[in-house]
Amino acid sequence: AGLEGTGHEIAECDLSAVDAIPGWMREFAQRCGPLDGLVHSAGLLTVKPLRMQSANDWEIAMRVNVSAGAALAKGFRKKGVIAGAGSIVYLTSVMGLTGQPGQVLYSATKGALVAMVRSMALELARENIRVNCVAPAVVMAGMSEHLQQSVSPEQFAQITAMHPLGLGKAEDVAHAVAFLLGGAARWITGTTLVVDG
């Protein structure tokens with residue numbers, strides 16, 4: 001509703017149902033037309049010490065944060081889904097590059113995306129599909145608001161102090177994503193653009 005113009009579509013997909021994602025994308029493209037770009041911005045943030053993590057925690061986070069991302073790319077590259085040349089952008093995190101106590105699981109999934117994108121970019125280059133990551137730090141929206149509620153005020157003050165330019169806004173990340181999707185980034189693939197203040 002907040003987008004300008006007309007012709008916008010909303011379609012729901014359960015990203016935990018990984019095997020169904022490519023078919024869902026084909027149906028979406030048949031209904032709405034082929035796609036020029038794809039952004040995987042869903043993710044599960046688990047702030048929990050390693051000693052308290054279960055195998056189920058790992059399975060769920062890997063499925064949504066990593067396996068669903070691979071399934072989206074698999075669906076995107078199919079004939080009739082992609083308009084021709086295309087661009088895929090994954091939202092990873094600086095936690096996938098630096099790490100932090102209590103975020104072993106989240107860091108692992110976001111680091112897996114970074115590694116996946118490097119190989120995927122090489123594999124899909126012959127299909128004229130670019131693949132990149134944007135790695136934000138703490139952005140005051142969604143998961144970060146949950147993070148603020150799950151740590152003490154002192155801990156959140158420490159997190160804020162780690163950002164010399166202050167905490168980010170959703171628009172800061174959106175501009176980086178739009179750049180990587182667009183033609184100005186036509187010669188960029190397999191990279192991670194850090195947007196961390």
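Helices (H or I, at least four residues) and strands (E, at least two) are taken here as DSSP runs, numbered from the N terminus. The model is a predicted one: local features need pLDDT of at least 70, side-chain atom pairs count only at pLDDT 80 or more, and totals for chains, interfaces and linings use all residues. Residues are numbered from 1 along each chain as its sequence is written, and side-chain values use heavy atoms, with hydrogens and water left out.

I begin with the loop between α3 and β3 (129-136), where E127 lies. Relative accessible area under 20% is called buried, over 50% exposed, and in between partly exposed, with a 1.4 Å probe and protein chains only. E127 has a relative accessibility of 27% and therefore counts as partly exposed. Contact means heavy atoms within 4.5 Å. Apart from its neighbours within four places in sequence, E127 is in contact with R77 and G84. The C-alpha atoms of E127 and G84 are separated by 8.6 Å, although these residues are 43 residues apart along the chain.

The loop between α3 and β3 also holds N128. Most residues other than glycine have a negative phi. N128 is not a glycine, yet its phi is positive, at about 65 degrees.

I turn now to helix α3 (residues 104-124), in which S107 is found. S107 is buried, because its relative accessibility is 12%. Not counting residues up to four places away in sequence, S107 touches M95, G96, G99 and Q100.

How do α2 and α3 pack, and at what angle? Axes are lines fitted to C-alpha atoms, for helices over the stretch in contact, and angles run from 0 to 180 degrees between N-to-C directions. Helix α2 (residues 55-76) packs with α3 at about 20 degrees, the axes being 10 Å apart. Angles under 35 degrees count as roughly parallel, over 145 as roughly antiparallel, 65 to 115 as roughly perpendicular and the rest as oblique. The helices α2 and α3 are therefore roughly parallel to each other. Residues making this contact include W58, M62 and V66 of α2 and L105, Y106 and L113 of α3. Nonpolar covers Ala, Val, Leu, Ile, Met, Phe, Trp, Tyr, Cys and Pro; charged covers Asp, Glu, Lys and Arg; the others, Gly among them, are polar. In the contact of α2 with α3, 14 residues are nonpolar, three polar and two charged.

The axes of α1 and α2 come within 8 Å and cross at roughly 40 degrees, so these two helices are oblique to each other. On the α1 side the contact is made by I21, P22 and M25, and on the α2 side by A68, A71, L72, K74, G75 and F76. By class, that contact of α1 with α2 has seven nonpolar, one polar and one charged residues.

Finally, the aromatic rings. Rings of Phe, Tyr and Trp (its six-membered ring) pair if their centres lie within 6.5 Å; planes under 30 degrees apart count as stacked, over 60 as edge-to-face and the rest as tilted. By this rule there is one aromatic pair. The pair, W24 and F28, is stacked, because the ring centres are 5.8 Å apart and the planes are at 25 degrees. Both residues lie in helix α1 (residues 21-32), four residues apart, about one turn of the helix. W24 is partly exposed because its relative accessibility is 25%, whereas F28, at 15%, counts as buried.
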